[in-house]
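Please load the structure in the viewer and keep the selection panel open.

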Amino acid sequence: MSVDWKKDRFRAIERGENPLVIAKMKSGYAVIGDTQFLPGYCVLLAYPKVYTLNDLTIEQRGDYLVDMSLIGDAIQSVCNPRRLNYSMYGNSDAFLHAHIFPRYEWEPEDKKPYPVWQYGDLWHWEELQYSEEKHGELRKKIKEKLIEIMKEKYGD
């Protein structure tokens, strides 16, 4: 599969060409992370696309933060990490997106107390990049759980 969709993830979602999409939520799209050195790492892409959380109304902010936590609930249920970390930056990709990182007991002791960015080169290792063959089943399980949680929490 070509990675051309990465040049504009939102347009790829609109065209149905973004293979990382897990589910459409009230505030955006849940996607599995490009890299899976921490299995279950996901991202919430705000949609419509905005620059920052502060560009949303108070109600939209609430929806976004709840959606972020619902993704965390799904990851917790499927992956059973020791904890979850939530991060929003926007320095490299200047649009609102939240990272949801599962953190595990098996991580090296020198990495456990620090942000995942301390993992350095692992972010770019080819064998850790998302592939349907290696990670498709995990994405499917997170999707199924997230849909179940959304039905329960949204009440729709």
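Begin with the whole protein and display its contacts (heavy atoms within 4.5 Å): among those with a separation of 6 or more, 55% join residues 24 or more positions apart. The model is predicted, so local features need pLDDT of at least 70 and side-chain atom pairs count only at pLDDT 80 or more, while totals for chains, interfaces and linings use all residues. Residues are numbered from 1 along each chain as its sequence is written, and side-chain values use heavy atoms, without hydrogens and water.

Next, colour by secondary structure. The protein has 3 helices and 5 strands, being DSSP runs numbered from the N terminus (helices H or I, at least four residues; strands E, at least two). Their order along the sequence is α-β-β-β-α-β-β-α.

Now colour by burial, where buried means under 20% relative accessible area with a 1.4 Å probe, protein chains only. Buried residues account for 45% of the 156 residues.

Select strand 5, residues 97-103: 7 of its 7 residues are buried. In a regular strand, side chains alternate between the two faces of the sheet. Here His97, His99, Phe101 and Arg103 point one way, and Ala98, Ile100 and Pro102 the other.

How values were computed. Buried < 20%, exposed > 50% of the residue type's maximum accessible area, 1.4 Å probe, protein only.
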